[in-house]
Amino acid sequence: MAYVARFALSKTPRQVDSVLRHVVHSASNHIRAYQRLLAASGRTAVSFGGADDLPLLPIVDKEYLFRATPPESQLHDRTKVTRCVQACTSGSTAMPVRIYMSRAEALFRKAQILLAWRSLEKLPLRLRIVDLSSWITRESGFCVVRRPWCSILRLSNALPVELRVRLLARYNPHVITSCPSDLESIAWRLAEAPIRLPALRLVALQGEILHKQTRTELEQVFACRVAEFYNCEEVGNIASQCPADASTLHINTDVCFVEVVDESGAVTPPGREGQLLLTNLYNCTMPLIRYRIGDRGVLLPAIEDEACACGSSRPRMALIGGRSDDHILLPNGRLVSPRHICDAVWKSTIDLQAHGGAPWLLRRFQVEQDEPNHLIVRVIPEGGGVGDLERAITQALRDLDPMLRCSVTVVTDIAAGPSGKFQRVIRSVGARRAGGSLGV
């Protein structure tokens with residue numbers, strides 16, 4: 001029964017508990033690496049009953065997956081690797097992880113992403129999709145993948161912007177999927193030389209935090225809904241933007257169970273941010289139980305009438321932005337999230353934008369903490385007024401802490417990181433100070 005419930009839609013809390021029991025007991029009986037982890041932690045899954053018992057189990061880190069030997073020890077002992085579907089994480093933490101799934105599990109994972117899109121927009125039965133954040137090894141830099149329910153044009157982010165824009169216009173997609181930073185360069189080119197995309201219904205963004213200012217800019221260019229999806233290679237669609245409130249996400253309880261824990265690993269109450277732990281509800285080939293993905297977020301308190309304004313009863317969450325190491329440590333000892341840093345930079349330009357009449361003042365920026373009390377802000381400005389821009393950004397960041405010094409540098413390009421993802425906030429110096437509070 002629990003095997004079937006793994007692939008059920010709109011799972012009830014009782015079904016979630018049933019699936020959790022199945023996944024945990026399957027892992028403790030058939031996954032050698034997880035058996036060793038349980039033994040090393042002194043824990044047992046014998047009396048595991050459901051979601052309330054998850055805190056009794058050990059937390060699984062990326063290092064556990066990355067260093068497990070042999071790799072097959074992470075898989076169900078009846079698994080035939082040659083029959084598995086594989087996915088690989090980007091390796092942004094220097095520990096790329098390979099994920100194995102059965103064909104049924106992989107199909108369910110893909111279907112859940114499609115259902116997440118359809119929860120926000122009415123889409124045709126056969127979709128044309130453009131994926132702007134693909135890694136394409138072939139020389140052309142693009143390829144078309146055809147499925148029974150869609151065709152996907154995958155474009156390498158190494159292709160010149162002009163070529164990507166031409167291919168995008170020729171394909172005329174119903175959905176564009178990308179990370180925000182990759183799409184921004186496309187949006188700028190479209191704003192300069194408008195190209196119509198009459199079939200476009202949805203821009204689905206993932207892989208990076210979508211800031212409010214970026215959303216507004218992209219909506220102006222693409223003239224359709226721009227939505228944030230919290231996805232990962234390990235699980236698939238974790239959460240999707242609420243149709244009624246763009247600042248919150250609804251957790252996909254058909255796919256995973258989400259916990260938030262503090263630095264000691266203790267579960268935090270709703271409203272208090274911490275590290276996100278994911279438990280996969282459908283993958284028994286390579287179960288991920290209390291998996292520390294490296295992102296930070298907060299579970300939002302339940303609404304009194306049990307249903308959101310959009311009609312969903314699924315739990316709500318918000319992403320704080322970035323990994324723990326990307327929070328800026330202020331001279332006063334306070335940790336500030338990347339989202340807060342970015343909001344300060346965006347807000348510093350509002351008055352200048354209104355005065356100058358420009359739709360946007362910044363094409364792109366990046367903040368790096370290179371010293372305990374110093375930030376480097378790299379900016380690609382739109383037009384002139386660089387002096388005013390520098391003063392506005394410096395003042396906005398110093399408002400966070402008067403002892404904080406800033407250097408604003410004008411550049412022509414800001415490269416993505418080794419994983420291909422653009423990192424808007426980087427902390428490259430200093431360890432987290434014990435007892436520091438986190439500003440959100």
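A residue is taken as buried when its relative accessible area is under 20%, as exposed when that area is over 50%, and as partly exposed in between (1.4 Å probe, protein chains only). By this criterion Thr248 is buried, with a relative accessible area of 6%. The model is predicted: local features require pLDDT of at least 70, side-chain atom pairs count only at pLDDT 80 or more, and totals for chains, interfaces and linings use all residues. Residues are numbered from 1 along each chain as its sequence is written, and side-chain values use heavy atoms, with hydrogens and water left out.

The protein contains 11 helices and 21 strands; helices (H or I, at least four residues) and strands (E, at least two) are DSSP runs, numbered from the N terminus. Of its 440 residues, 52% count as buried. Among contacts (heavy atoms within 4.5 Å) between residues at least 6 apart in sequence, 62% join residues at least 24 apart.

Two helix pairs were examined, with axes given as lines fitted to C-alpha atoms, for helices over the stretch in contact, and angles running from 0 to 180 degrees between N-to-C directions. Angles under 35 degrees count as roughly parallel, over 145 as roughly antiparallel, 65 to 115 as roughly perpendicular and the rest as oblique. The axes of helix 2 (residues 13–30) and helix 3 (residues 32–41) cross at roughly 95° and come within 6 Å. The two helices, helix 2 and helix 3, are therefore roughly perpendicular to each other. Helix 2 contributes Ala27, Ser28, Asn29 and His30 to the contact, and helix 3 contributes Arg32, Tyr34, Gln35 and Leu38. By class, this contact of helix 2 with helix 3 has three nonpolar, four polar and one charged residues, where Ala, Val, Leu, Ile, Met, Phe, Trp, Tyr, Cys and Pro count as nonpolar, Asp, Glu, Lys and Arg as charged, and the others, Gly among them, as polar.

Helix 6 (residues 161–171) packs against helix 7 (residues 180–192) at an angle of about 80°, with the axes 10 Å apart. This angle makes helix 6 roughly perpendicular to helix 7. On the side of helix 6 the contact involves Val161, Glu162, Arg164, Val165 and Leu168, which meet Asp182, Ser185, Ile186, Arg189 and Leu190 of helix 7. The residues of the contact of helix 6 with helix 7 comprise five nonpolar, one polar and four charged.

The loop between strand 12 (274–280) and strand 13 (291–299) holds Thr285. Thr285 is buried, at 8% relative accessible area, and its side chain forms a polar contact of 2.8 Å with that of Glu105. A polar contact is a pair of N or O atoms within 3.5 Å; within protein, one must be able to donate a hydrogen and the other to accept it, and residues adjacent in sequence count only if both atoms are side-chain atoms. Apart from residues up to four places away in sequence, Thr285 touches Glu105 and others, including Ile31, Gln74, His76, Tyr100 and Met101.

Ile289 is also found in the loop between strand 12 and strand 13 and counts as buried at 2% relative accessibility. Ile289 and Leu57 lie 232 residues apart in sequence, with a C-alpha to C-alpha distance of 8.4 Å. With neighbours within four places in sequence left aside, the contacts of Ile289 include Val23, Val24, Ala27, Tyr34, Leu57 and Leu278. Arg290, in the loop between strand 12 and strand 13, is buried at 2% relative accessibility and has a positive phi of about 55° although it is not a glycine.

Most residues other than glycine have a negative phi. Ala223 lies in the loop between helix 8 (212–222) and strand 8 (225–232) and counts as exposed at 67% relative accessibility. The buried residues of helix 8 are Gln213, Thr214, Arg215, Glu217, Leu218 and Phe222.

Thr248 is placed in the loop between strand 9 (236–241) and strand 10 (249–251). Not counting residues up to four places away in sequence, Thr248 touches Ser240, Gln241, Cys242, Leu300, Arg316 and Met317. Thr409, in strand 19 (residues 405–410), counts as partly exposed at 35% relative accessibility.
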